[in-house]
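Q: I would like to learn how to read a few features of a protein model with some care. Could we go through them one at a time, with the general idea placed before the case at hand?

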Amino acid sequence: MSTEPLRFDTKIAVLLREDLEPWQRLNVTAFLVSGLGATLPEVVGEPYEDADGVAYLPMFRQPVLVFEGTKEVVQAAHARALSRALPQAVFTADLFSTGNDRDNRAAVRAVPTAQLDLVGLAVYGPRNGVDKVLKGARMHP
């Protein structure tokens, strides 16, 4: 078994709007990455098992990097991800006031792309492509 660290040619990144409350940051991050894991099976590793044989769910096979930026940085990143056709999940401010999945989807569907009030997005793709999408963002502290 190799002891060399695994290097990935892809990146999973979450970009959050910097004005979110701490609870919102956690909630938005969890929702956003769930979309990637549900749609892109290649990002999910194998199930876990402890020494007693208790099984646990699989998780992402690579780190999730979390960034933050202004509203304008998030909007620009969204546009760049669209132009590069990278898989992305979005979370809009409207979703804080809905209470279920059906209403969440309806809230996003009701707003034109350019007018979405984005508070976060998750994106997956080649490292250099994701880096270009995140231009202007900074690592979350």
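Q: Which residues make the nonpolar surface patch of about 400 Å²?

A: In this predicted model, the patch is made by Y48, V54, Y56 and M59, and one of these residues, Y48, has its place in strand 2, which covers residues 48-49.

Q: Is Y48 buried, partly exposed or exposed?

A: The relative accessible area is what decides, since partly exposed lies between the buried limit of under 20% and the exposed limit of over 50%. Y48 has a relative accessible area of 41%, and is therefore partly exposed.

Q: How do the strands of a sheet pair?

A: Strands of a sheet pair through backbone hydrogen bonds, in either a parallel or an antiparallel sense. Here an open sheet of five strands shows mixed pairing and has the order 5-6-1-4-7, with strand 5 (88-92) and strand 7 (138-139) as the edge strands, each of which pairs on one side only.

Q: How many bridges join strand 1 to strand 6?

A: Seven bridges join strand 1 (residues 10-17) to strand 6 (residues 118-126), and the two run antiparallel; along this pairing T10 stands opposite P126, while V14 stands opposite A122.

Q: In strand 6, what is the bridge partner of A89?

A: The bridge partner of A89 is A122, the residue that V14 also stands opposite. Strand 5 and strand 6 pair over five bridges in the antiparallel sense.

Q: How many of the nine residues of strand 6 are buried?

A: Eight of the nine are buried, so strand 6 is mostly covered, with buried taken as under 20% relative accessible area.

How values were computed:
Residues are numbered from 1 along each chain as its sequence is written. This is a predicted model: local features need pLDDT of at least 70, side-chain atom pairs count only at pLDDT 80 or more; totals for chains, interfaces and linings use all residues. Side-chain values use heavy atoms; hydrogens and water are left out. Two strands pair if DSSP finds at least two bridges between them. Helices (H or I, at least four residues) and strands (E, at least two) are DSSP runs, numbered from the N terminus. Patches are made of residues with over 30% relative accessible area and no salt bridge: like charges are joined within 9 Å, nonpolar side chains (Val, Leu, Ile, Met, Phe, Trp, Tyr) within 5 Å. Accessible areas come from the Shrake-Rupley method with a 1.4 Å probe; for residues, only the protein chains shown count as cover. A salt bridge is a side-chain nitrogen of Lys or Arg within 4 Å of a carboxyl oxygen of Asp or Glu. Buried means under 20% relative accessible area, exposed over 50%, partly exposed in between (1.4 Å probe, protein chains only).
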